[in-house]
Amino acid sequence: MWKVLVAVVVAAAVAACSGNSSGPATGTAPASGGTMKVGLMVSGSTSDGGWNQLAETSLQSLSKQYSLDVRTRQNVSKDNAADALRQFDAQGFSLVIAHGYEYLEPVKELTDPSKRSAVKEKIAVSGGDVDSPNFQSLAYDLAGASYQLGIAAAKVTKTHKLGFIGGEAIPTVTVMRRGFEAGAKSVDPSITVTTQYTGWDDPAKSKTQAEAFMDAGIDVIMQNTDAASSGIFEAVKEHDTQRKSDLHGIVYTFGANADQNGNAICSDYTLGSAVIHLDKAFAQVIEQVRGGTFKGGLVKEDLANGVCEAVLNPKLTGTVLKDVQPLLDDAAKKITSGEIKIPAGD
């Protein structure tokens with residue numbers, strides 16, 4: 001009799017755990033004031049000095065304020081994302097932040113309430129661009145901040161040749177390129193912007209590309225390459241160290257995603273950074289989960305709401321960037337009001 005009773009209880013428990021989610025963006029929010037389990041999934045290393053490190057640092061900074069139990073899974077490829085999400089779900093995580101555009105497909109699959117494999121945890125794709133009722137996409141639009149930095153680049157360049165190096169032609173990167181070019185051309189329509197994509201984790205490749213740009217006369221390089229940014233910084237530093245007595249030969253660069261103005265390699269030649277304040281974006285999602293108001297959809301994070309921002313390097317605002325900040329402030333007002341429209345497409 002006891003064996004039968006145990007079998008019935010176990011079967012009921014298994015059935016309860018394996019059922020479908022009851023609807024879009026389902027899951028159990030933590031009790032008010034209780035600890036909330038939040039998972040972070042990134043495709044690379046959290047020591048990359050950029051995109052992935054910024055996500056972990058931002059989420060950890062919120063852990064005390066919101067009483068979070070934060071767990072991070074690094075180096076999760078697109079192919080392994082579904083398994084990682086299922087593991088988070090099985091361990092009772094209330095929220096998972098899938099930090100990367102590449103996670104959109106597995107998240108779409110696992111949040112479909114019509115499928116038995118659907119997870120119950122709430123998921124936000126950080127850097128996504130899909131409007132789905134089943135998960136949230138945090139679309140970071142750095143076009144406005146990059147437009148501002150394009151103005152700075154146009155004021156500094158001596159050759160009227162600018163370069164853009166991206167990790168991959170995904171939306172969060174291509175919007176930067178469009179904004180950067182539009183900002184530069186607003187100052188000088190004759191300026192050219194040459195673009196190349198070199199990957200996220202190969203500093204040597206990005207360094208070679210930066211060197212090729214400089215050999216072609218490009219003297220300001222915008223980049224969004226995560227861990228590979230170190231290669232660009234090295235190329236700029238080596239070039240400028242050799243030519244520091246020739247001001248017309250100096251090359252400058254920018255930071256991206258994190259504030260990289262104080263990077264340890266070439267902060268003297270980093271004009272500014274296009275910054276995403278991930279802590280602000282993540283805090284909004286956490287508050288929604290805690291308050292029971294989380295819902296799927298596309299959330300635009302940009303210059304207007306303060307999540308994205310152009311930050312000039314304070315080391316250079318009194319020299320090469322003198323009188324540039326007012327131009328950036330004016331551009332920000334016009335972008336947020338709609339007076340300045342950044343071209344769509346790529």
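Predicted model: local features only at pLDDT ≥ 70, side-chain atom pairs only at ≥ 80, totals over all residues.
Residues are numbered from 1 along each chain as its sequence is written, and side-chain values use heavy atoms, with hydrogens and water left out. Local features need pLDDT of at least 70 and side-chain atom pairs count only at pLDDT 80 or more, whereas totals for chains, interfaces and linings use all residues.

Side chains of opposite charge can pair when their charged atoms come close. A salt bridge was assigned where a side-chain nitrogen of Lys or Arg lies within 4 Å of a carboxyl oxygen of Asp or Glu. This rule gives 10 salt bridges. Helices are DSSP runs (H or I, at least four residues), numbered from the N terminus. Relative accessible area (1.4 Å probe, protein chains only) defines buried as under 20%, exposed as over 50% and partly exposed as in between.

Two of the pairs described here lie within a helix. In helix H4 (residues 81–90), Arg-86 and Asp-83 are three residues apart, about one turn. Their side chains form a salt bridge at 3.0 Å, N to O. Arg-86 is partly exposed at 37%. Asp-83 is also partly exposed, at 41%. In helix H11 (residues 325–337), Asp-330 and Lys-334 are four residues apart, again about one helical turn. Their closest N and O atoms are 3.2 Å apart in a salt bridge. Both are partly exposed: Asp-330 at 37% and Lys-334 at 27%.

Glu-238 and Lys-207 meet in a salt bridge at 2.9 Å, N to O. Glu-238 lies in helix H9 (residues 229–242) and Lys-207 in helix H8 (residues 203–215), so the contact ties together parts 31 residues apart in sequence. Lys-207 is buried at 18%, whereas Glu-238 is partly exposed at 38%. A salt-bridge network links Lys-207, Glu-234 and Glu-238.
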